[in-house]
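Here's a quick briefing to read alongside the model. Take a look at the structure first, then work through the points below.

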Amino acid sequence: MTETPPSSVLPHEEPLPPRYDLWTAAVFFCIGVAIVWLAWQMPTYEEQQGKIYTAPGLVPALHGIVIAGLSLWLGLRAITRGALRAGRGQERPPREGYSDTRLYLAAALCLIFAVGLVGRLPFWLAAAIFVFSFTTLFEWQRGAPARERVRRLAIAAALGIGTGVVVTLVFERGFLVRLP
Amino acid sequence: MLDSLGQFGSAFAGFLSFSVLLTVLWATFLGIVIGALPGLTATMGVALMTTLTFTMPHREAVLVLICIYVGAIYGGSRSAILLNIPGTPASACSTLDGFPLARQGLAGRAMGISTSGSWLGTLFGTLCVATLTPFLAELALTFHSAEFFWIAVFGIVIAGTLSGGDPLKGYLAGFFGLWVATIGQEPHYNYQRFAFGSTEVAGGIGLLPALVGAFGVAEVLQAMRAPAATAVSSTIDSVLPRIRDVMKYWKTILRSGAIGTFIGILPGLGEDTAAWSSYAAARRASKEKEKYGRGSIEGLMSAETGESACVPGAIIPVLTLAVPGSAPAAALMAAMLIHDINPGPMLMIQTPEFFYQIVAMLVIADMSKLLFGLTLVRPLLWILLVPRERLMPVVFVLCTVGAFAITSRIFDIYVMLFFGLVGFVLRELKFPMAPMILGLVLGELLESNLTRALVLSDGSIAPFFTRPLSGTLAAITIFTVVWSIPSAQAAVRRFVGTLLRRSA
């Protein structure tokens with residue numbers, strides 16, 4: 001065993017193909033330039049005897065310049081490392097056991113809960129529906145016996161209702177915190 | 001001296017009531033559980049519990065958060081030892097020797113080492129808080145705006161350089177965080193920056209929703225994408241720490257405690273850097289290097305002592321400079337501000353009793369951690385075996401509540417989602433998160449001190465370089481950036497080598 005931690009723990013320990021850095025640099029460069037441009041549009045309040053160093057756009061503009069400069073550095077470094085070369089080494093190798101399907105499903109469910117359910121339904125009900133759906137979808141197994149499916153559905157329902165009720169009671173009644 | 005001891009005594013006495021001790025016990029236990037569960041981190045725990053505690057009196061609220069922080073950093077070692085998956089990033093180093101020990105049937109002994117190392121580490125760090133904070137606070141009182149500006153820049157630079165991976169990406173993340181901190185109304189003319197007419201955005205980006213997003217939502221997504229974890233064994237040998245282990249490795253414990261505390265004091269680095277640095281130093285000095293990575297008692301002890309000493313260390317700059325030493329300390333600092341406690345150089349003058357209370361809180365939390373470390377082994381093993389499919393939706397519900405509850409704005413839930421997505425994508429692209437969060441925290445400090453210094457000097461930037469302290473900080477900051485460039489580093493080494501050869 002070496003000192004290198006497992007890849008799932010410290011992902012920055014694995015090198016990333018340089019093309020990824022080039023794209024990242026391009027996005028950050030656009031952000032930096034946009035910040036500088038927007039900061040330039042901000043008023044300087046000189047008509048109110050305002051000084052340039054108290055202008056609202058000064059500090060964001062400095063940040064924008066630094067972000068653009070650092071992203072240029074990142075982009076140039078990626079190019080020198082072969083980001084523009086076609087061929088092998090430009091694609092990230094798949095990691096064993098990692099699933100994009102699980103990621104997208106989890107992200108979609110979280111989004112539906114946070115944007116679609118919260119604020120539209122009582123919180124305990126929204127939480128119960130979300131937890132039930134999440135657990136059921138991720139624990140669903142094709143070809144599992146009917147009895148097993150019913151057991152898992154019952155666990156998911158109990159977990160969902162339990163979460164909704166306990167979170168509401170603890171936060172709203174116990175700690176007097178407002179829920180969405 | 002006697003006055004200080006008296007103040008410490010009364011701070012401890014203030015916590016010796018049944019209700020407070022009960023609070024300490026549940027909070028530390030919750031912290032250990034949060035830390036033990038992969039996907040839940042100390043930062044997230046402190047950020048979420050800030051929501052629960054903001055109706056409490058400020059002293060109790062901070063006590064709960066410190067117990068959560070201390071407990072969570074320790075709890076991470078449980079899953080590191082039993083699952084080979086660190087419960088918190090800080091425990092990543094503990095997997096190297098903890099898991100091999102567990103595979104050899106010594107999981108209990110590994111947990112005993114983890115408990116004793118962690119307990120001694122926090123105790124060492126707390127001693128440093130008690131002794132160093134008053135001196136550093138006095139030094140901080142001599143700082144002017146230019147110095148505070150450089151402290152903020154240095155924080156971003158050092159966090160970017162040392163928080164793991166690519167320093168360039170660390171700087172980018174840090175300055176992105178600094179820019180995000182400028183969103184909303186600015187202090188001089190109340191001009192709404194980057195709000196695009198939205199009153200919600202004009203209110204600014206809350207630190208806690210951003211923290212919950214970057215450390216909670218991003219963790220949920222990562223946990224669901226990663227393969228499921230399985231425990232190495234369901235039987236545990238004795239977890240009682242052996243005095244012999246502690247006595248044999250006392251030098252390692254002291255060294256790791258000092259390194260952990262020092263890393264904690266440096267802005268934004270945190271417990272994971274402390275653990276890796278302590279581990280590397282212990283390995284260099286060890287007589288049994290070959291055992292490292294194969295179940296070394298000394299290796300595990302050094303990692304645990306280092307990460308736990310970092311917790312009090314990270315609180316020192318919060319108390320003296322209002323600059324957090326780690327991501328959980330940033331959440332703790334945000335909680336202090338919510339409770340009308342103003343961390344920074346004036347804290348020791350305005351509310352000195354709070355400093356003594358913090359020391360007492362750290363000691364009490366550490367003792368409580370020791371108690372749970374020795375007794376609650378089996379229940380923690382059961383908790384570790386909860387499938388992520390059942391745990392993560394509950395975590396996301398708590399994240400939503402945590403983001404919403406402080407200001408009761410649905411907008412904060414969207415901020416949480418945004419930072420969850422940004423945090424996930426940036427991590428996938430190998431960007432460290434700590435500099436971004438530090439940027440968010442230090443943005444206001446940097447801007448207010450930059451403009452104040454410029455107003456005082458009528459626009460001249462000379463004081464930023466000519467004042468002795470300011471010039472020193474500027475030189476250290478610039479040197480740190482230059483040192484992070486491999487070619488510049490090689491040139492400096494060559495130059496120094498040439499100089500040394502000539503002088504010889």
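Is the crossing of helix 2 of chain B and helix 17 of chain B left-handed or right-handed? It's right-handed, a label used when the near helix is turned clockwise from the far one by less than a right angle, with anticlockwise giving left-handed. Keep in mind that this is a predicted model, where local features need pLDDT of at least 70, side-chain atom pairs count only at pLDDT 80 or more, and totals for chains, interfaces and linings use all residues. Residues are numbered from 1 along each chain as its sequence is written, while chains are lettered from A and ligands numbered from 1 in the order in which they are written.

**The helix pair in chain B**
- Helix 2 (residues 18-36) and helix 17 (residues 352-375) of chain B pack at about 65°, and their axes are 9 Å apart.
- Helices here are DSSP runs (H or I, at least four residues), numbered from the N terminus, and axes are lines fitted to C-alpha atoms over the stretch in contact, with angles from 0 to 180 degrees between N-to-C directions.
- On the helix 2 side of chain B, the contact uses B:Val24, B:Leu25, B:Thr28, B:Phe29 and B:Ile32; helix 17 of chain B brings B:Ile364, B:Ala365, B:Ser368, B:Lys369 and B:Phe372.
- Contact means C-beta atoms, placed from the backbone, within 7 Å.
- That contact splits into seven nonpolar residues, two polar and one charged (Ala, Val, Leu, Ile, Met, Phe, Trp, Tyr, Cys and Pro are nonpolar; Asp, Glu, Lys and Arg are charged; the others, Gly among them, are polar).

**Where chain A meets chain B**
- 61 residues of chain A are in contact with 58 residues of chain B.
- Helix 2 of chain A gives the largest share of chain A's side, ten residues.
- Chain A's side divides into 43 nonpolar, 13 polar and five charged residues.

**Chain A domains**
- Chain A is divided into domain 1 (11-80) and domain 2 (100-174), with bounds from an automatic or database domain assignment.
- The C-alpha centres of these two domains of chain A lie 41 Å apart.

**Buried spots in chain B**
- 18 of the 18 residues of helix 7 of chain B are buried.
- B:Leu426, in helix 20 (residues 410-428) of chain B, counts as buried because 21 other C-beta atoms lie within 10 Å (20 or more is buried, 12 or fewer exposed, in between partly exposed; C-beta atoms are placed from the backbone).
- Leaving out residues up to four places away in sequence, B:Leu426 touches B:Ala173 and B:Phe431.
- B:Leu426 and B:Lys169 are 257 residues apart in sequence, yet 9.4 Å apart in space, C-alpha to C-alpha.

Definitions and conventions. Helices (H or I, at least four residues) and strands (E, at least two) are DSSP runs, numbered from the N terminus. Two residues are in contact if their C-beta atoms, placed from the backbone, lie within 7 Å.
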